Amino acid sequence: MRDLVALSTSRDRDCFEARNLAQFHLGSLRDKIAEMRELERSLQAFVRRCDVECAGGPAAECVILGDLAAQRQDGAC
């Protein structure tokens, strides 16, 4: 966003640059939101699975920890 602010004092650059920079930042933000929604879905699934399979049991046997370990071995984390 600093690059947009820097344009506010420039007389030799045009409005299209500001629009293009804003469009770029909007795309980046939308990508991050999509990543956060995917993370939310994953965490919801972990919690649901724990509630069904192991809630209240020993932490070392929690399916959440097992799933995270499996993802790490697969290179997903």
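Buried means under 20% relative accessible area, exposed means over 50%, and partly exposed is anything in between, with a 1.4 Å probe and protein chains only. I start with V63: its relative accessibility is 13%, so V63 counts as buried.

Notes on the model itself. I am looking at a predicted model, where local features need pLDDT of at least 70, side-chain atom pairs count only at pLDDT 80 or more, and totals for chains, interfaces and linings use all residues. Residues are numbered from 1 along each chain as its sequence is written, and side-chain values use heavy atoms, with hydrogens and water left out.

V63, continued. I find V63 in helix α3; helices here are DSSP runs (H or I, at least four residues), as strands are (E, at least two), numbered from the N terminus. I then looked up its contacts (heavy atoms within 4.5 Å). Leaving aside neighbours within four places in sequence, V63 touches R49, C50, E53 and C54. I also checked R37: it is 26 residues from V63 in sequence and 21 Å from V63 in space, C-alpha to C-alpha.

Helix α2. At the N-terminal end I see D14 as a cap, with a side-chain oxygen 3.1 Å from the backbone nitrogen of F16. I list L21, F46 and C50 as buried in α2. The buried residues of α2 pack against α1 (2-7) and α3 (63-74).

E38. I place this residue in α2, and at 41% relative accessible area E38 is partly exposed. Its side chain makes a polar contact with the side chain of R41 (3.0 Å); the term means a pair of N or O atoms within 3.5 Å, where within protein one must be able to donate a hydrogen and the other to accept it, and residues adjacent in sequence count only if both atoms are side-chain atoms.

Helix α3. After α3 comes G75, with a positive phi near 85 degrees.

How do α2 and α3 pack, and at what angle? I get about 135 degrees, with the axes 8 Å apart. The contact is made by F46, V47, R49, C50 and E53 of α2 and V63, I64, D67, L68 and Q71 of α3.

Note on methods
Axes are lines fitted to C-alpha atoms, for helices over the stretch in contact, and angles run from 0 to 180 degrees between N-to-C directions.
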